[in-house]
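Hi everyone, thanks for coming. Please have a look at the structure on the screen, and then I'll walk you through a few spots in it.

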Amino acid sequence: VELLVPLGLPVIAAGAIMDASDTRRALAAGAVAVQCGTGFLLAPEAAATPAHRKALARGKTVMTSAISGRPARCCINDFTAIPDAENPGYPVTYSAGKALNAAATAKAITGYGAQWAGTGCARAVARPAADTVATLAP
């Protein structure tokens, strides 16, 4: 954040923002706001599958393009074992990935979902989204 502030543009900090101390640290570094994604995935309002919720608790993520054809961070699962170089790219890879997950899920295999998550996923807490918002307040 500190490197971006001199540009004179508003900076919104994202990544591993899970509680008020993370918010305060980002704001002190010059961010004008914070964005939190993974911290909401365990909320009852979230559409995360039970397998995704379980993967979040393991706290292990990796960058992969195997799921969508574009680099993104995901919980380590069967999908992330597919080498990145062996996919044709977005949108073909993403469509094929959704079909693979649907076929696997139909056979009760849960390791091929797009279990997106940030590096702080092990710090996510199961609680209503409104409580997470309150926890983020500096």
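Let's begin with Phe-79, which counts as buried because its relative accessibility is 4%, and the cut-off for buried is under 20%. Keep in mind that this is a predicted model.

Which ring does Phe-79 pair with? Its partner is Tyr-112, and the two rings sit edge-to-face, with 5.8 Å from centre to centre and 65 degrees between the planes. That angle counts as edge-to-face because it is over 60 degrees. This pair joins distant parts of the chain, 33 residues apart. Phe-79 lies in the loop between strand S4 (72-75) and helix H3 (92-106), while Tyr-112 lies in the loop between H3 and helix H4 (129-136). Tyr-112 has a relative accessibility of 23%, so Tyr-112 counts as partly exposed.

How many aromatic pairs does the structure hold? There are 2. Tyr-90 and Tyr-94 form a tilted pair, at 6.1 Å centre to centre with 35 degrees between the planes. Tyr-90 is partly exposed at 42% relative accessible area, and Tyr-94 is partly exposed at 30%.

Now for the cysteines. How many disulfides turn up in a search of the whole structure? The search finds 0. Take Cys-36: the nearest cysteine sulfur belongs to Cys-121 and is 12 Å away. Cys-36 counts as buried, because its relative accessibility is 16%. For Cys-74, the nearest cysteine sulfur is that of Cys-75, at 5.9 Å.

The largest pocket has a volume of about 160 Å³. It is lined by 14 residues, and those closest to its centre are Ala-14, Gly-15, Ala-16, Gly-37 and Thr-38. The lining is made up of 5 nonpolar, 8 polar and 1 charged residue.

Let's stay with Thr-38 for a moment. You'll find Thr-38 in the loop between strand S2 (33-35) and helix H2 (50-58). Is Thr-38 buried or exposed? Its relative accessibility is 13%, so Thr-38 counts as buried. Leaving aside residues up to four places away in sequence, Thr-38 touches Met-18, Leu-56, Ala-117, Gly-118, Cys-121 and Ala-124.

Technical notes. Residues are numbered from 1 along each chain as its sequence is written. This is a predicted model: local features need pLDDT of at least 70, side-chain atom pairs count only at pLDDT 80 or more; totals for chains, interfaces and linings use all residues. Side-chain values use heavy atoms; hydrogens and water are left out. Helices (H or I, at least four residues) and strands (E, at least two) are DSSP runs, numbered from the N terminus. Buried means under 20% relative accessible area, exposed over 50%, partly exposed in between (1.4 Å probe, protein chains only). Contact means heavy atoms within 4.5 Å. On a 1 Å grid over the protein atoms alone, a cavity is a set of points where a 1.4 Å probe fits but cannot get out, and a pocket is an open set with protein on both sides within 12 Å along at least five of seven lines; lining residues have an atom within 4 Å of a point. Grid points are joined across faces, edges and corners, and a volume is the space filled by probe spheres set on the points. Ala, Val, Leu, Ile, Met, Phe, Trp, Tyr, Cys and Pro count as nonpolar, Asp, Glu, Lys and Arg as charged, and the others, Gly among them, as polar. Rings of Phe, Tyr and Trp (its six-membered ring) pair if their centres lie within 6.5 Å; planes under 30 degrees apart count as stacked, over 60 as edge-to-face and the rest as tilted. A disulfide is a pair of cysteine sulfur atoms within 2.5 Å.
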